[in-house]
Amino acid sequence: MAAQRPNKPTKVRPVMDNRKLNEGIVSKSGVDAVVCQEKLRRWRKRGVNVHLLDLKQVYLQIHVDRSLQQFQAVKFRGKLYVMIRMGFGLNVAPKIMLKALDKVLSMDANIEKGTDHYIDDIWID
């Protein structure tokens with residue numbers, strides 16, 4: 001699908017219709033709401049010398065493995081288009097983002113100690 005964006009420099013953003021794919025993926029979203037509330041409570045208690053970094057367009061930064069790109073392909077007017085980065089609307093995208101940030105922020109002990117995150121928000125001390 002093409003999502004219209006009249007007030008943006010790129011007027012159209014490609015959006016995959018993942019409804020059929022999402023039917024085959026089991027996701028327990030009720031648990032995530034509780035985790036999010038708990039994270040926010042913990043972040044508010046941590047003091048005043050902190051910042052919250054919101055990663056913009058973060059899902060488009062995650063490359064999809066070549067073997068999985070077939071699931072993000074669409075044929076339009078005789079041409080095949082393949083998204084090589086994770087598209088919007090995939091119900092496991094937040095979980096993938098959590099795991100990716102877990103890995104990146106834990107690679108350095110000092111960074112791991114001074115940060116916390118939830119999906120695309122990073123709390124920084």
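Reader: How many helices and strands does the protein chain have?

Author: Four helices and seven strands. Helices here are DSSP runs of H or I, at least four residues, strands are runs of E, at least two, and both are numbered from the N terminus. This is a predicted model: local features need pLDDT of at least 70, side-chain atom pairs count only at pLDDT 80 or more, and totals for chains, interfaces and linings use all residues. Residues are numbered from 1 along each chain as its sequence is written, and side-chain values use heavy atoms, with hydrogens and water left out.

Reader: What pattern does the chain follow along the sequence?

Author: β-β-α-α-β-β-β-α-α-β-β.

Reader: What's the mean pLDDT?

Author: 79 for the protein chain, with 83% of its residues at 70 or more. pLDDT is the predictor's confidence in each residue, from 0 to 100.

Reader: Where is confidence lowest, and where highest?

Author: Lowest in strand β2 (residues 12–14), at a mean of 63. Highest in helix α4 (residues 109–113), at 92.

Reader: Core next. Which residues touch the most other members of the largest nonpolar core?

Author: Tyr 59, Met 86, Ala 93, Met 97, Tyr 118 and Ile 119, out of 16 residues. The elements giving two or more residues are α3 (93–105) and β7 (121–124). Helix α3 has the largest share, five residues. A nonpolar core means buried Ala, Val, Leu, Ile, Met, Phe, Trp, Tyr and Cys residues joined through side-chain atoms within 4.5 Å. Buried is under 20% relative accessible area, exposed is over 50%, and partly exposed is in between (1.4 Å probe, protein chains only).

Reader: And what does Met 97 touch?

Author: Val 58, Tyr 59, Ile 62 and Ile 119, leaving out residues up to four places away in sequence. Contact means heavy atoms within 4.5 Å.

Reader: Ile 119 again. Where does it lie?

Author: In the loop between β6 (115–118) and β7. Ile 119 counts as buried because its relative accessibility is 17%. Its phi is near 50°, a positive value in a residue other than glycine. Most residues other than glycine have a negative phi.

Reader: Gln 72, buried or exposed?

Author: Buried, because its relative accessible area is 6%. Gln 72 sits in the loop between β3 (51–54) and β4 (73–76). Beyond four places in sequence, its contacts include Met 16, Val 64 and Tyr 81.

Reader: Where's Met 16?

Author: In the loop between β2 and α1 (19–23). Met 16 is buried too, at 14% relative accessibility.
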